[in-house]
Amino acid sequence: MKKIILSLIMAFAALSVNAQEEAPAAPEKPWKTGGNGSFTFNQMSFKNWASGGQNNVNGTFLVKTFANYKSEKVTWNNTLDLGYGLTKYKGQDFQKSEDKIQFTSNYGYDAYKQKWYYSALFDFKTQFSNGYKYDGNTIVDTVSAGFSPAYINISLGMLYKPSEVFSLFISPATGRTTIVSDLKFAPDYGLDPDKHSRFEYGATVKVNVDKKNLVKNVDYYLTATAFSNLTDHPDHIDIDAETGFNLHVNDWLTAILKFNILYDDDIKNCKDYASVVDENGVESLVVTKEYTKLQFKELFGFGLAFHW
């Protein structure tokens, strides 16, 4: 009997110790905040290089920060994406190579099994400084500025978010406002010459992919938005997409490869010219046609990385 009692006491003690060691984990906090940034630098130098080349330096600063909320019924993701870069060729002034300010807030309330959500999306996008068109080292024209343009999108729809890696937002009700603080740029972005803003009603589809460790130490991301103005040429679809890879060499070194694709039917970025001679015999060029072409930008850099 004593042996049985002693065995029960020892078993009870062991279970008590085990229970203390395996105490339930603290509940997960609803808010998650953080971010990452990088400064990438490229430099090329030539001297007596037979096949030619032009000395240049390039520096780009990127920052992305987030504040995300998740509960049993609610998901709310907020991101602020900033970027600025400059390039300098020998004998020329610095020229802008990257310029972005973008804030996105997406609120969702559970509609079905924490995968489908009734959702509202707010998106704001503009830039820091003036953009110029160059001919060599000569500025031909100023083509953009801070808040010229700026875009505000407010959308109501459904969010499909089966995991933290992938989300799909579908909205049949989107209000899109294009803003120019300087009327000089109004015609370049589809606005009337005397208007600072233009409102469009349409539909939006937005896809987000954020895959950590696609392969070891390589992250992949994609953000793509399609917008159709339902009241004016709904077949003309505007596309704004960014995709890229982040390679983590270690905690402080990174390599970045990213691509931007943009198509906006309101931005007439190509022009055809014809030569005309006036009554005094002076020849000049006039614009005969303006049209839209797909815009493409690529960035590759190696540099410092930081996280918080």
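A polar contact is a pair of N or O atoms within 3.5 Å; within protein, one atom must be able to donate a hydrogen and the other to accept it, and residues adjacent in sequence count only if both atoms are side-chain atoms. In this predicted model, local features need pLDDT of at least 70 and side-chain atom pairs count only at pLDDT 80 or more, while totals for chains, interfaces and linings use all residues. Residues are numbered from 1 along each chain as its sequence is written, and side-chain values use heavy atoms, with hydrogens and water left out.

**Asp81**

The side chains of Asp81 and Lys100 are joined by a polar contact of 3.1 Å. Asp81 belongs to strand 3 (residues 74-89); strands (E, at least two residues) are DSSP runs, numbered from the N terminus. With a relative accessible area of 17%, Asp81 is buried, a class that means under 20%, against over 50% for exposed and partly exposed in between (1.4 Å probe, protein chains only). Leaving aside residues up to four places away in sequence, Asp81 touches Val63, Lys64, Lys100, Ile101, Gln102 and Glu242, where contact means heavy atoms within 4.5 Å.

**The barrel**

Twelve strands form a closed barrel in the order 1-2-3-4-5-8-9-10-11-12-13-16, with antiparallel pairing. Neighbouring strands of this sheet are turned by 20° against each other on average, direction ignored; the axes are lines fitted to C-alpha atoms, and angles run from 0 to 180 degrees between N-to-C directions. Two strands pair if DSSP finds at least two bridges between them.

| Strand pair | Bridges | Residues opposite each other |
|---|---|---|
| Strand 1 (residues 31-44) and strand 16 (residues 295-307) | five | Ser38 and Ala305 |
| Strand 1 and strand 2 (residues 56-70) | 14 | Thr40 and Thr60 |
| Strand 2 and strand 3 | 15 | Asn56 and Tyr89 |

Strand 2 and strand 3 also form a hairpin, with three residues between them.

**The second largest pocket**

The second largest pocket has a volume of about 190 Å³. On a 1 Å grid over the protein atoms alone, a pocket is an open set of points with protein on both sides within 12 Å along at least five of seven lines, and lining residues have an atom within 4 Å of a point. Grid points are joined across faces, edges and corners, and the volume is the space filled by probe spheres set on the points. The lining of this pocket consists of 14 residues, of which Arg198, Asp232, His236, Asp265 and Asp266 lie nearest its centre. Strand 10 (197-215) and strand 11 (218-229) are the elements that give two or more residues to the lining; strand 11 gives the most, with three residues.

His236 is 27 residues from Tyr263 in sequence and 9.7 Å away in space, C-alpha to C-alpha. Tyr263 lies in strand 13 (residues 253-263) and counts as partly exposed at 25% relative accessibility.

**Backbone exceptions**

Most residues other than glycine have a negative phi, and most peptide bonds are trans. Asn213, in strand 10, has a positive phi of about 50° and is partly exposed at 47% relative accessible area. Asn217, in the loop between strand 10 and strand 11, has a positive phi near 70° and is partly exposed at 33%. Ser148 and Pro149 are joined by a cis peptide bond, with omega about 10°; Pro149 is found in the loop between strand 7 (138-144) and strand 8 (150-160).

Note on methods
Helices (H or I, at least four residues) and strands (E, at least two) are DSSP runs, numbered from the N terminus. On a 1 Å grid over the protein atoms alone, a cavity is a set of points where a 1.4 Å probe fits but cannot get out, and a pocket is an open set with protein on both sides within 12 Å along at least five of seven lines; lining residues have an atom within 4 Å of a point.
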